[in-house]
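Please look at the screen while I talk.

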Amino acid sequence: MAEITRERILDELRSIIHADSGSDLVSAGWVGEVVIRDGHVTFTLEVPPELGPEMEPVRAAAEKAVHALPGVLTATAVLTAQRQGGGQGGGQAGGGAPEEGGPRGQQALHGKLALGSVRHIVAVASGKGGVGKSTTAANLALALSRLGLKVGLFDADIYGPSMPRMLGLAGAEPTTTDSAILPLENHGLKIMSIGFMVPEDAPVIWRGPMVIGALEQLLRDVEWGELDVMVIDMPPGTGDTQLTISQRVPLSGAVIVSTPQDIALLDARKGLNMFRKVEVPVLGLIENMSYYVCPNCGHREELFAHGGAKRTAEEMDCPFLGEIPLDIRIRETSDAGTPIVVAEPDSPHAKAYAAIAQALKDTLEGDDGQPMPAITVS
Ligand SMILES: Nc1ncnc2c1ncn2[C@@H]1O[C@H](COP(=O)(O)OP(=O)(O)OP(=O)(O)O)[C@@H](O)[C@H]1O
């Protein structure tokens, strides 16, 4: 089978001419990201915003041309609007404040999404993958629900959406009406995940603008109804995608999950700085896999220099929300689709999540117990 390369695709796109300007797509500088994976090609066309509406036929022609290349199994072209001043660019969250319009991938995304009937939106984030962010997000959402709040959980972890499995909804599909997608419901939560919409192996080929477009569409089109809190399980890391979500979604604040090890804490600091840069309040740090208690003898072992997150929180002048032990029941219950907060509500682990949920609720509602208005950042 012929090898598909970026060059081969660009060559093909040079044959597509935009009639008005007489320029081909590559020379015009409109071809953005090109992702090739096992014969599946996805690319973005980043065009000046004023051309947007008339570019659909060009997009379709480009998609068809690339699809026709030998060895290409599927081709997807995504149209997105250039930021002011050019179509190319990029940058990482750590690389300075985003300029007007932000880094690549958020060009068409000025302003915040309006999620009118959702009172507070809280992002659960981590500087790196595998620290237990999704497990924490699920249990925290469930613990908030057990405090009497109406809670939604939005799984934005496009690189590995785990909520369908973790919340007992693997294989489920959301219902759609003419104008909206209805969230699924289980364990008292309203749940939406990118994992309900795409085949399991698809998310990894989505990058930058594609990710943002898909997430925006989901957030906008899902009929959440009235919610006290929406918990967003963020994609791990601190790159453009995370930054754009933080800028586009009217977050009340963010919670950062870290393990106690130094390296994870370094990443947690990056996460903290990312949210601060875009003026999203960091509501606190949670230390996951903090310690281990032997179920037989009750001996407590601090495997990874427990307490690192608390120290980091102090150093970075951010609240410390609490610690969750490393325990096989936390993993087993999540794997089985009924997280520990629901499966074993009286266990010390469920109580640890409950305490964090209470602290979070208090912060969101203000010290006097009165609901405070959602913080939005313009
Ligand atoms: N406190 C804990 N005790 C035991 N196992 C845990 C705990 N927290 C998470 N795990 C397990 O660790 C693994 C990774 O957790 P999880 O998927 O929540 O991480 P994550 O940070 O969301 O990862 P990613 O963002 O990379 O998808 C899972 O198998 C989960 O069950």
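UniProt's "binding site" annotation, from an unreviewed entry, covers Gly127, Lys128, Gly129, Gly130, Val131, Gly132, Lys133 and Ser134. Such annotations may be inferred rather than shown by experiment. This is a predicted model: local features need pLDDT of at least 70, side-chain atom pairs count only at pLDDT 80 or more, and totals for chains, interfaces and linings use all residues. Residues are numbered from 1 along each chain as its sequence is written.

Take two of the annotated residues. Lys128 sits in the loop between β6 (118–125) and α3. Helices (H or I, at least four residues) and strands (E, at least two) are DSSP runs, numbered from the N terminus. Lys128 has 18 C-beta neighbours inside 10 Å, so it counts as partly exposed. The cut-offs: buried means 20 or more other C-beta atoms within 10 Å, exposed means 12 or fewer, partly exposed is in between, with C-beta atoms placed from the backbone.

Now Ser134. Ser134 lies in helix α3. Buried or exposed? Buried, because Ser134 has 26 C-beta neighbours inside 10 Å. Leaving out residues up to four places away in sequence, Ser134 touches Asp157, Ser162, Met163, Met166 and Asp233. Touching means C-beta atoms, placed from the backbone, within 7 Å.

Next, a partner for that helix. α3 (residues 133–146) packs on helix α11 (residues 348–365) at about 70 degrees, with axes 8 Å apart. Axes are lines fitted to C-alpha atoms over the stretch in contact, and angles run from 0 to 180 degrees between N-to-C directions. Residues that meet there include Leu140 in α3 and Tyr353 in α11.

Definitions and conventions: Contact = placed C-beta atoms within 7 Å.
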